[in-house]
Amino acid sequence: MSEPNAQELEEFRAQTSAWMRDNKPADPGFLLPQTFMEVGTERVLEFLREWQHKLWSAGYLGMHWPRQYGGGGVSPVFQNIANQEMKRHAVPIVFNIIGLSWTGPLIIDIGTEQEKRKYLKGILSGEDIWCQGFSEPDHGSDLGNAQCRAVRDGDEYVINGVKIWTTLGSFAHYMILLARTNQEASRKYDGLSFFLAPMGVDGIETRPIRKMTGEYGFSETFFTDARIPAACLMGEEGQGWRIAMQTLQYERGAEAGAAGGLMVVRTRMEDLIGAVRGLKRDGEPLLRDPLVRDRLVQLLIEEKGLVLSEKRQEHPALNSDYPWSLALSGKLRGSEFTRRMCQFAVQLQGAHGSLYVGDEDALSGGFWQRAYLNSFSSTIGGGTSQIQANIVAERVLGLPKD
């Protein structure tokens with residue numbers, strides 16, 4: 001495909017901006033999630049599903065995915081512009097992230113023609129919701145030790161086991177599932193296989209998990225002699241670990257290919273400062289306190305560094321010393337910064353920091369308290385911060401595992 005010229009891009013940006021302005025949904029009268037990990041009710045789900053379908057129908061989602069599978073078939077630069085305009089107009093998030101950002105790119109890269117035709121369009125339209133079946137209750141971040149079993153029986157696999165922290169699990173139609181097909185493999189990783197598994201079969205039960213925010217979004221998934229077609233196997237038996245690692249590269253932001261859309265309503269320092277501008281301590285404006293100002297400046301510098309790192313990542317010549325350093329550390333840096341920033345926003349409220357959503361005296365309706373509690377999910381999902389630090393140490397710095 002030919003690269004668009006500057007005039008084409010300028011015209012597209014203007015057109016996109018106008019569409020976002022005219023089609024941004026009105027306030028639905030209930031709290032919308034900041035991330036897909038907070039979609040816990042049918043009401044929220046249907047609102048976001050309708051919005052995603054509208055985005056896709058207008059051509060602003062999956063713009064660089066192949067046209068024959070429901071995408072736009074144009075240069076990725078158009079999707080980047082559309083994403084920027086979604087952010088600028090503060091539209092709602094797209095919710096089907098596991099499909100849009102992980103499963104879809106994986107299928108495009110290594111899937112069969114049949115898998116591409118079967119799954120990709122439903123991912124974009126929001127018709128088919130996807131969840132992830134990697135983590136298990138007894139193994140924490142030790143993904144290679146997954147024990148959920150898949151036993152071949154003719155043209156089917158029989159699945160038994162438990163998965164946990166299944167975001168959107170209660171609503172999903174499909175799961176990317178890592179299961180053990182060989183108990184005798186000499187290396188535990190070689191016994192794992194990867195499935196594009198349907199959720200609507202007998203023997204699969206999901207139980208929603210209530211978070212400390214009082215909301216839902218995660219679930220625990222139980223497999224009891226659940227039978228799925230053998231055609232759900234992606235690749236070959238024993239290739240599950242390699243495929244899972246490729247999937248996690250998309251999840252952690254180290255690979256391109258996501259369908260686009262506003263995936264996160266980010267809390268920014270500009271928002272924090274605006275929220276606390278009217279607060280006082282001992283009769284004086286809080287923002288005059290030198291210790292508060294010092295801490296705010298530190299966070300502002302760190303936030304600016306994260307923004308510039310994203311721009312730097314686009315230019316290989318600026319990353320020649322450690323080529324994968326920014327890509328592989330992005331999730332760790334971003335999630336931990338957001339957690340600390342939201343924590344500071346709550347601390348600045350003093351005793352009022354103990355108020356929550358629904359209390360009429362809560363600052364900004366309890367937004368920062370909710371954001372702080374929800375920020376922990378990003379430091380856990382996709383590999384905990386400790387796992388992320390190990391990845392940087394081993395793959396970027398070359399430090400030994402021991």
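Trainee: In this predicted model, are Tyr119 and Tyr174 buried or exposed?

Mentor: A residue counts as buried when its relative accessible area is under 20%. Tyr119 and Tyr174 both belong to that class, and the answer for each is buried.

Trainee: How many aromatic pairs does the structure hold?

Mentor: A pair of aromatic rings is described by the distance of the centres and the angle of the planes. The number of aromatic pairs in the structure is 15.

Trainee: What geometry does the aromatic pair of Tyr119 and Tyr174 have?

Mentor: The separation is 5.2 Å centre to centre, and the angle between the planes is 85°. Planes over 60 degrees apart fall into one class. The pair of Tyr119 and Tyr174 is therefore edge-to-face.

Trainee: How many residues apart in sequence are the parts that this pair of Tyr119 and Tyr174 ties together?

Mentor: Tyr119 belongs to helix 5 (residues 113–125), while Tyr174 belongs to strand 4 (residues 174–180). The pair therefore ties together parts whose separation in sequence, in residues, is 55.

Trainee: Which geometry results for the rings of Phe134 and Phe194?

Mentor: The ring centres of Phe134 and Phe194 are 6.1 Å apart. Because their planes stand at 75°, the pair is edge-to-face.

Trainee: Where does Phe194 lie, given that Phe134 is in the loop between strand 1 (130–133) and strand 2 (149–153)?

Mentor: Phe134 and Phe194 are both buried. Their pair ties together parts that are 60 residues apart in sequence, because Phe134 is in that loop and Phe194 is in strand 5 (residues 192–198).

Trainee: How far from the ring centre of Phe344 is the charged end of Arg295?

Mentor: A charge has to be within 6 Å of the ring centre to count as sitting over the ring. The charged end of Arg295 does sit over the ring of Phe344, at a distance from its centre of 5.8 Å.

Trainee: What is the relative accessible area of Ser219?

Mentor: Ser219 is found in strand 7 (residues 218–229). Beyond its neighbours within four places in sequence, Ser219 has contacts that include Trp165, Arg207 and Ile209. Ser219 is buried, and its relative accessible area is 0%.

Trainee: Is Asp282 buried or exposed?

Mentor: Asp282 is in the loop between strand 9 (280–281) and strand 10 (284–285). Its phi is near 55°, a positive value in a residue other than glycine. With a relative accessible area of 80%, Asp282 is exposed.

Note on methods
Residues are numbered from 1 along each chain as its sequence is written. This is a predicted model: local features need pLDDT of at least 70, side-chain atom pairs count only at pLDDT 80 or more; totals for chains, interfaces and linings use all residues. Side-chain values use heavy atoms; hydrogens and water are left out. Helices (H or I, at least four residues) and strands (E, at least two) are DSSP runs, numbered from the N terminus. Buried means under 20% relative accessible area, exposed over 50%, partly exposed in between (1.4 Å probe, protein chains only). Contact means heavy atoms within 4.5 Å. Rings of Phe, Tyr and Trp (its six-membered ring) pair if their centres lie within 6.5 Å; planes under 30 degrees apart count as stacked, over 60 as edge-to-face and the rest as tilted. A charge sits over a ring if NZ of Lys or CZ of Arg is within 6 Å of the ring centre and within 35 degrees of the ring normal.
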